[in-house]
Amino acid sequence: MLSCADFLAEFGDYIDDTASSDLRAHLEEHLRECKTCRVIVDSTRKTIDIVTESGCFTLPAEAVDPIVTAVMSRIRQRTT
Amino acid sequence: MMTASTETILLSGKDRLRPETGMGSPVGVQMTSAEVTLIRRVQNGDSDAFFDLVRPYERAVFLAALSLVRNDADAEDVAQEAILKAFKNLTRFRQEAKFSTWLIQIAINEAKMKLRKDRRHLYESIEEGRLGGDGDYTPQDFADWREIPSEALEQKELRKALTKALDSLPEKYRTVLILRDVQHLSITETAQVLGLSEANVKTRLSRARLQMRDALAPGFDGAWSRGRTYERVRPFDV
């Protein structure tokens with residue numbers, strides 16, 4: 001059976017659901033026996049949910065609008 | 001999946017862009033027809049079309065820059081320079097990558113130049129060395145997290161903790177996490193933008209997620225937790 005270190009080395013593909021079926025079977029065999037790795041998988045998935053769903057990185061329009069507007073102003077100055 | 005509004009553009013390696021603004025190996029790329037049209041208009045001299053071309057990606061460019069320079073003012077400067085550079089080099093853009101990927105790569109390169117100029121990366125390199133650099137990352141927290149209620153995602157404490165956790169990551173992990181989990185670039189696109197192998201991106205992404213998890217864990221032991229004991233399991237054995 002895989003060690004925890006072996007599991008951790010491969011668990012990214014497992015989390016992203018891109019592991020091959022053979023690898024997935026080995027990883028799931030380890031997970032059935034290892035509560036620590038089950039906890040890590042679960043809390044890592046929740047971490048990803050937090051990062052993607054918290055909206056912390058949703059910038060208000062007023063924060064980014066000036067960027068393109070300023071660039072367009074510079075472009076127009078160059079082309080006139 | 002191809003749709004009526006998309007077209008697949010495959011180009012050969014000889015059409016690669018220069019390293020400072022271009023992409024790595026050629027890949028199959030899907031861009032909207034509208035985007036392809038806008039690119040052609042700009043390439044033919046219609047500079048006003050550039051506004052519509054880049055506007056959907058201004059947030060992505062700003063965030064990519066912010067993941068490296070770490071303050072709003074510098075990120076805005078970098079984003080402006082990156083977008084202007086994209087305009088200047090658009091005639092050389094051969095569509096072997098998505099325009100958004102190409103644009104974000106320019107932003108990443110501009111941000112790295114800014115860091116080099118400011119020499120701030122030297123301090124980060126020292127800090128990364130202290131944290132183990134490219135060595136394996138061993139998880140520090142083994143609590144069984146409770147379910148996260150949706151209202152928790154609205155809490156200011158969580159937002160503050162998330163920002164702090166992200167800020168605590170070494171640059172190379174923070175950038176991969178932002179590109180992959182916030183910007184939702186694919187592994188292939190992230191590798192192209194950063195000039196890394198896909199294997200390297202996967203490794204950095206796993207470590208970034210584990211470090212974010214450890215950085216956020218204390219909140220699930222108290223500040224955000226209500227009514228459930230923080231259940232620890234045995235120490236991790238590696």
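What share of the 238 residues in chain B is buried? Buried residues make up 50% of them, where buried means under 20% relative accessible area, with a 1.4 Å probe and protein chains only.

Quick housekeeping. This is a predicted model, where local features need pLDDT of at least 70 and side-chain atom pairs count only at pLDDT 80 or more, while totals for chains, interfaces and linings use all residues. Residues are numbered from 1 along each chain as its sequence is written, chains are lettered from A in the order in which they are written, and side-chain values use heavy atoms, with hydrogens and water left out.

Okay, chain B. You've got ten helices and four strands, counted as DSSP runs: H or I of at least four residues for helices, E of at least two for strands. From the N terminus, the order goes β-β-α-α-α-α-α-α-β-α-α-α-α-β. Of its contacts (heavy atoms within 4.5 Å) with a separation of 6 or more, 73% are between residues 24 or more positions apart.

Over to chain A for a moment. Asp17(A) sits in the loop between α1 and α2 (21-33). Asp17(A) is exposed, at 58% relative accessible area; the cut-off for exposed is over 50%. Its side chain makes a polar contact with the side chain of Arg24(A), at 2.5 Å. For that term, think N or O atoms within 3.5 Å, one able to donate a hydrogen and the other to accept it; residues adjacent in sequence count only if both atoms are side-chain atoms.
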